[in-house]
Amino acid sequence: MQPSPSTTPGPGSAPWAVGHTRGMSDDDTSTALPQTCVRCGSQALLRIVGRCADCIGQLGLAGNDDYAAWRAEVKKEFGVQE
Ligand SMILES: [Zn+2]
């Protein structure tokens, strides 16, 4: 009458009880809210230093001074190494 040790989730395990607590970021406890992109003015859930994903894609494809400026801001914000 002792419970047998098990390392695999049994049929009684609730799938929603695992892995749902991962947040979007470590320092932001709020839920995701669209914010305005500083470049195009669109509402976007994903932004990096103010630019939405669409703009980042356009910047990367263009590869011009705007992209260099964005990269510089990313490096300043996150300390990304080249
Ligand atoms: Zn944008």
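Trainee: Between which two strands is the loop that holds Val-49?
Mentor: This is a predicted model, in which local features need pLDDT of at least 70, side-chain atom pairs count only at pLDDT 80 or more, and totals for chains, interfaces and linings use all residues. Residues are numbered from 1 along each chain as its sequence is written. Strands are DSSP runs of E with at least two residues, helices are runs of H or I with at least four, and numbering starts at the N terminus. On that basis Val-49 sits in the loop between β3 (47-48) and β4 (51-52).

Trainee: What is the phi of Val-49 near?
Mentor: Val-49 is a residue other than glycine.

Trainee: What pattern does the protein chain follow along the sequence?
Mentor: The chain has two helices and four strands. Read along the sequence, their pattern is β-β-β-β-α-α.

Trainee: What percentage of the residues count as buried?
Mentor: The protein chain has 82 residues. Of these, the share that counts as buried is 5%.

Trainee: Which residues does Leu-45 contact, apart from neighbours within four places in sequence?
Mentor: Leu-45 lies in the loop between β2 (43-44) and β3. With 11 other C-beta atoms within 10 Å, Leu-45 is exposed. Two residues are in contact if their C-beta atoms, placed from the backbone, lie within 7 Å. By that test the partners of Leu-45 are Ala-32 and Pro-34.

Trainee: How far apart in space are Leu-45 and Pro-34, C-alpha to C-alpha?
Mentor: In sequence, Leu-45 and Pro-34 are eleven residues apart. Their C-alpha separation in space is 4.4 Å.

Trainee: What separates the C-alpha atoms of Cys-37 and Arg-47?
Mentor: Cys-37 is in the loop between β1 (35-36) and β2, and its 19 C-beta neighbours inside 10 Å make it partly exposed. Beyond residues up to four places away in sequence, Cys-37 touches several residues, including Arg-47, Cys-52 and Cys-55. Cys-37 and Arg-47 are ten residues apart along the chain, and their C-alpha atoms are separated by 7.1 Å.

Trainee: Which residues in α2 does α1 meet?
Mentor: The axes of α1 (residues 53-62) and α2 (residues 65-78) come within 7 Å and cross at roughly 120°. The two helices are therefore oblique to each other. From α1, Leu-59, Gly-60 and Ala-62 take part, and in α2 they meet Asp-66, Tyr-67 and Trp-70.

Trainee: How far apart are the C-alpha atoms of Gly-60 and Arg-71?
Mentor: Gly-60 lies in helix α1. Gly-60 is exposed, because it has 11 other C-beta atoms within 10 Å. Gly-60 and Arg-71 are eleven residues apart along the chain, with C-alpha atoms separated by 9.5 Å.

Methods
A residue is buried if 20 or more other C-beta atoms lie within 10 Å of its own, exposed if 12 or fewer, and partly exposed in between; C-beta atoms are placed from the backbone. Axes are lines fitted to C-alpha atoms, for helices over the stretch in contact, and angles run from 0 to 180 degrees between N-to-C directions. Angles under 35 degrees count as roughly parallel, over 145 as roughly antiparallel, 65 to 115 as roughly perpendicular and the rest as oblique.
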